Amino acid sequence: MAKLAKSPWLLHYDASSCNGCDIEVLDCTTPRYDIERFGIINTGDPFQADILLITGGINNQCESVVRQLYSQMPDPKVVVAVGICACTGGVFKDCYNIKGGVDTVIPVDVYVPGCAARPQAIIDGVVKALEILEQKREAYSEKQEQKGRA
Amino acid sequence: MAKQSIVPFGPQHPVLPEPIHLDLVLEDEVVVKAVPSIGFVHRGLEKLVETKDYKDYVYIAERVCGICSFGHGMGYCQCLEKIMNIEIPRRAAYLRTIWVEMSRVHSHLLWLGLLADAMGFESLFMQCWRLREKILDMFDATTGGRIIFSVNCVGGVLKDMDTGMLLKIVDTVNEMEKELRPIAEAFLRDLSVGTRLHGLGILKPDQARLMGAVGPMLRASGVAYDTRLLGYAAYNDLDFEPITAAEGDSFARCEVRIHEIYQSFSLIRQAVEKIPEGPICVPVKGNPNGEHFMRIEQPRGEAIYYVKANGTKFVERFRLRTPTTNNIPPMLDMLKGCQLADVPLLILTIDPCISCTER
Amino acid sequence: MEHLNTIEPITMAEFMPAVIRFKMDGWRVVQICANRVPDGYEMSYSFGKDYDMRTLRLTVGENETISSITQVYPGAFLQENEAAELFGVKIESIDKDYHDKLYRIARETPFKQKG
């Protein structure tokens, strides 16, 4: 990973996770793992977030919330599915109220498997997401330039 | 009468790690009524018991919640052991006690951190979570998992600890006890923390009992009820008293939880001292037939496990009543009359675990 | 030291008076559990006092209506709503009735059918 030009902000949402991955995500922001050394800040505001970290599978009720959060985030944005439930539905796949992984509702860029996903894996996933974010940003600004010329 | 307005709170909110939604009916700044809507994390995993082998279902039971995961597995196993008349080896009972007390320490430290974060006391949050890492390291060393470690099985536990490991746990606990003191001091003596918590959300003992509050919330209202005194696992060999506080406010709830961490340290030390040698698991033959209600004390309070089995390998019904289910009704009562700005903090003081509640 | 943990069958007529007696004696609601049986439901209401727990077992026909205990124990509303929504048990006059909109699941009464 080359140097980072910007400080991406991170939004975390629990779709229908068991909490295990959520506390690991939160753990990443605390002294031992300290994701903030990449310039990342955990924010609660979707309008100011670049990365959406999402845990747990999608159920009937959280579907619209996830859609809304995703649409509220400004372009360019990346989505990281944390934990096996967010990737595929995991052990809860057969439950009557689970539709499947997060990608059944919104596009996912990085998948971090694990039950619960380890902080190291989450950080790795976020770093991957930063690269994708950078690519998306370049593509996005090119598009904007073209728009400006047209 | 002042004009009423409704403010939606959640599901995505900075102070909440988990989604819950409340409609707050306000008169000016004061809450007059709170209506919860839940179901954002409802998965329906009680239903899975009908299609999974009863021995395999332990893994699902442990995934009800990532914080009290070990306790859920243990409650489910104990319930089946009771139905099948299995006496687990004493060593297994002691190992379960050690792990479940370590879970309590980790859960309470996590809560203390979140409380500090909700008050904007960032450095205290970091300190609590830094300390919590030591317990997670011990989980990692003893079981191979940090959060969900699946060492329970019907008939005992799957992993043993050798003497070196047990002594290492005691060392860690002693070290943590020393490091916890300044943190506890900050919660209990700091002026700004005190001003924020004292007198906030008072729950009277009678009201707590009527609304069905459990766990630290009930004990903070002065009711000495701790399900561990029923003497399951190894608790009948260990020496402890329920920790209570008289005031019933948010500060009392914080105080009770801090003292429970010290209590858990003491219980772990006692268990390591008394643990007998022997096997850790007994073979289980046949299928369960019968029903039982099992009560255990989770970090958030009393949890009920109900299993009804019909002699096949598929259990007919598994029901889990978690502490937060019982703590939400008194919380709604406490919210009446408090300021809008206090709502996030007050919700946090019941230590809500939504994924437990909705399963 | 053994504490009470019993399951006692009870008829519909005896049920409400028993609940009111529990309340007057200072018992609290521990849990409410519904279970599907071939031609109806089994409702288990557990009450606790100190370390004793007694469970009242009510057998209800599929289309029978039972009255809510929330008038006596207001804290029980979440669990009664849950039984009504997931199993389809007909419970009337719940204080804070969600009318099957507590969990807002896609499938109606998933626990009513087995498997």
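**Exercise 1. Decide whether B:R96 is buried or exposed, and find its side-chain partner.**

Solution. Step 1: B:R96 has 1% relative accessibility, so it counts as buried; buried means under 20% relative accessible area, exposed over 50%, and partly exposed in between, with a 1.4 Å probe and protein chains only. The model is predicted: local features need pLDDT of at least 70 and side-chain atom pairs pLDDT 80 or more, while totals for chains, interfaces and linings use all residues. Residues are numbered from 1 along each chain as its sequence is written, chains are lettered from A and ligands numbered from 1 in the order written, and side-chain values use heavy atoms, leaving out hydrogens and water.

Step 1: The side chain of B:R96 makes a polar contact of 3.0 Å with the side chain of B:E81. A polar contact is a pair of N or O atoms within 3.5 Å; within protein, one must be able to donate a hydrogen and the other to accept it, and residues adjacent in sequence count only if both atoms are side-chain atoms.

Step 2: Leaving aside residues up to four places away in sequence, B:R96 touches several residues, including B:F70, B:I88, B:N152 and B:V157. Contact means heavy atoms within 4.5 Å.

**Exercise 2. Describe the helix that holds B:R96.**

Solution. Step 1: B:R96 sits in helix α3 of chain B, residues 90–118. Helices (H or I, at least four residues) and strands (E, at least two) are DSSP runs, numbered from the N terminus.

Step 1: From first to last C-alpha, α3(B) reaches 42 Å over 29 residues, close to the expected 42 Å. The expected span is 1.5 Å times one less than the number of residues.

Step 2: Of the 29 residues in α3(B), 26 are buried. After the helix comes B:G120, with a positive phi near 85 degrees.

**Exercise 3. At what angle do α2(B) and α3(B) pack, and which residues meet?**

Solution. Step 1: Helix α2(B), residues 69–83, packs against α3(B) at about 145 degrees, and the axes are 9 Å apart. Axes are lines fitted to C-alpha atoms, for helices over the stretch in contact, and angles run from 0 to 180 degrees between N-to-C directions.

Step 1: The two helices, α2(B) and α3(B), cross in a left-handed way. Left-handed means that the near helix is turned anticlockwise from the far one by less than a right angle; clockwise is right-handed.

Step 2: On the α3(B) side, B:R96, B:W99, B:V100 and B:S103 meet residues of α2(B), among them B:M74, B:C77 and B:E81.

**Exercise 4. What is phi at A:N19 and at B:S150, and where do they lie?**

Solution. Step 1: A:N19 is not a glycine, yet its phi is positive, about 95 degrees. A:N19 lies in the loop between β1 (9–14) and α1 (20–28) of chain A and is buried, at 2% relative accessible area.

Step 1: B:S150, also not a glycine, has a positive phi near 40 degrees. B:S150 is in the loop between α4 (122–143) and β4 (152–153) of chain B and is buried at 16%.
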